[in-house]
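This short report walks through selected parts of one structure. Please look at the sequence and the 3D view before reading on.

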Amino acid sequence: MTVASDAVTWVLLIPITAAAVLAALPGYRLTAGLNIVASLGTLLAALSLLVVERPQPGQYLLIDDLNIVFIVLNTFVGFTTSVFSASYIAHELETGRLTPGYLRFYHAMYQVMMFGMNLAFVSNNIGLIWVAVEIATLTTVLMVGIYRTHAALEAAWKYFILGSVGIALALFGTILVYMAALPVVGEGQDAMVWTVLIRRAATFDPALLNVAFIFLLLGYGTKVGLAPLHAWLPDAHAEGPTPISAVLSGLLLNVALYAVLRFKILLAANPDAISPGPLMVTMGLTSLLFAAFMLYRRRDIKRLFAYSSIEHMGIIVFAFGMGGPLANFAGLLHMVMHSLTKSGIFYAVGHIAQVKGTQRIANIRGLTESHPALGWSLVIGVVAIAGLPPLGIFMSEFLIVSSTFARQPLLAIPLVFGLLLAFGALILRLTSLAFGEPRGNAAPADASYLPMFAHFALVLTAGIYLPGPLVVWFQHVANLLG
Amino acid sequence: MHNLAFDIAHLLAGGLVLISFMMLYQDRLYALLNIFALHAVVLAASVAWQAFIQNAPHLYVTAAIALVFKAIVIPVALHRIIKQLGIHRDIETAVSIGPTMLAGMGLVALSMVLMLRVTGAADPLAREDLAFALSVVLLGLLVMVTRRNAVSQVVGFMSLENGLVLAATGAKGMPLVVEISVAFSILIAFIVIGVFLFRIRERFDTVDVGALDEFRGERR
């Protein structure tokens, strides 16, 4: 008990302490190194949660099979991103886009963001999870605006306004859940504790719970980037520093998704409440189709992959909306694969944009010739994200499509249509980016390849062979999700 | 006594909705800020009354925060910002007043129908409070979408947050964590917004969000 609760404490304590220290320390080398060490420490603490005995769920913190998947994924990508960020930021300092003062701020905010996300995952309290998502969001808003260009400020402003509206709706939903729990659980702290709520959910007032879920889905759905509430996402990805694009796509969207899933489980525990499935399926499909069409007209490379994130979040929400062991399993797998692949792509894109000095797709050509390592990494990444075998996303998409065909053949038609559309757009862009006559700066890139190679290697491995214990684990979680 | 307690809570919450309506048709920034300060004062009174009838002393803290921070500090600060920027003359509304008011009425009707229907089992006071709170939240959203000026969007957002505080205090015995978090989020929100306003002014010499529109979509 004590060892495990210590591990949970470390997952939270390391980032917040590191944030305080990093805010005070000057110097690039030292702080970037410390950022990596802190992220590694958090990852180790998270991994130790896998082996030690779980603590009893308390009033505030909880570790169960569901959130441990999210925590490990979160801290892993957080760690690799910190490695990527070190070389990325070095270049930004050289070109003068970031000043040393902002660098301090950047590293401190990075750790605060990791703290917020980890807190959201381990919290056992629907109020606390709201606060944590809010912290993570506000820090990313600040980081998106860090370059202080016109476009960056507009992106941050838009993100802030839409994010605030989303978070306000989510809070209203949270209050409604409390109101629903009030007559059954009684006043006070208990009526917000997740484990208590789920046990008693069957006796809650279903009408109130329904309305609450709609608010929560809209509120947290804004953060997931579901259409039509996605307007902030492409701008925020395109204008902020690329490490932030990577964590936004790979992690922050998952945090919001996790909150939605928690409340979905709550709703499913009440027999008289509406089924959350159709709502999520509709929003997921809308996002998928919308993003697939939007992919065709993108001229900015980071925007392109931002729309691809909307597409994939749509697929994941669709899968969880379908429900059932197989679709949930596929959704969970897809989420993990998407996080790894998309952040890997953003590592490659970050270096590419730096070496070429532009994010405009038309000005980047023939990468496989001018920068083979970066170019081929991008090719692997895009092939993976487009859902080609033998990479991991192919497998999860295949599972989603086949389970949809088996249960709701009509829904499979728009799903497959959207997937093919997105596939076409991505391959089209990839050919112009990666092949042909090289254009633009051909100077060798000073890049850190390790993070992206690690991500793609994991995705490839998962596509070929999923270890047995992992499959069992995911199946168990899929059953939990109902 | 119980009836009186109920009536006063009702009066204050209803007053909040009314003041939200008043925000909709203000076409000057200073006037909008003054109305917002009034909104915060009524909110503080409403929260304090809830603290009294629920016998929940910690709610007085929330009331105090609303009174000091939202009714005094923020309006004063925004007054100064507006003065510095020299944008005190008027604000353009994206939609004219008539349709805005009609939309506002529609939203209030919607929230009444929705909340009163689904909260049948709850205590009548909490029920009405929630219905009013949702109205305030939706009217705050309406202010945000009908204004193009950054300052008035901020005001719209804060009135929305007021609605949330009303809802949170109406829900009996809601843990303190949440109230603090609400107040705290407003604080953070304001810092963030302040930073943004500062930067936006620095860069654009205007806080009109419309001026940002030229950068919309694909850049370069």
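A:Thr431 sits in helix 17 (residues 409-434) of chain A. Helices here are DSSP runs of H or I with at least four residues, strands are runs of E with at least two, and both are numbered from the N terminus. A:Thr431 is partly exposed, because 13 other C-beta atoms lie within 10 Å. The cut-offs are these: buried takes 20 or more other C-beta atoms within 10 Å of the residue's own, exposed takes 12 or fewer, and partly exposed falls in between, with C-beta atoms placed from the backbone. A:Gly78 is 353 residues from A:Thr431 along the chain, and their C-alpha atoms are separated by 30 Å.

## Basis of the model

The model is predicted: local features need pLDDT of at least 70, side-chain atom pairs count only at pLDDT 80 or more, and totals for chains, interfaces and linings use all residues. Residues are numbered from 1 along each chain as its sequence is written, while chains are lettered from A and ligands numbered from 1 in the order in which they are written.

## Helix 6 and its partner

Helix 6 of chain A has 36 residues. From first C-alpha to last it reaches 50 Å, close to the expected 52 Å. That expected span is 1.5 Å times one less than the number of residues. Helix 6 of chain A is mostly covered, with 31 of its 36 residues buried. A:Gly186 follows helix 6 of chain A and has a positive phi, near 100°.

Helix 6 (residues 150-185) of chain A packs against helix 8 (residues 206-224) of chain A at about 155°, with axes 7 Å apart. Helix 6 of chain A is therefore roughly antiparallel to helix 8 of chain A (an angle over 145 degrees). The crossing of these two helices is left-handed. The residues of their contact comprise 18 nonpolar, five polar and one charged.

## Two cis peptide bonds

The bond from A:Ala227 to A:Pro228 is cis, with omega near 5°. A:Pro228 lies in the loop between helix 8 and helix 9 (232-239) of chain A.

The bond from A:Pro389 to A:Pro390 is also cis, with omega near 5°. A:Pro390 is in the loop between helix 15 (372-386) and helix 16 (392-407) of chain A.

## Annotated spans in chain B

An unreviewed UniProt entry places the feature "transmembrane region" at several spans of chain B, including residues 32-53 and 59-82. Residues 32-53 of chain B are 100% helix, with end C-alpha atoms 31 Å apart. Residues 59-82 of chain B are 100% helix, with end C-alpha atoms 32 Å apart.

Key:
Axes fitted to C-alpha atoms, helices over the stretch in contact; angles between N-to-C directions. Parallel < 35°, antiparallel > 145°, perpendicular 65-115°, else oblique. Left-handed = near helix turned anticlockwise from the far one by under 90°. Nonpolar A, V, L, I, M, F, W, Y, C, P; charged D, E, K, R; others polar. UniProt positions renumbered as here; feature names shortened; annotations may be inferred.
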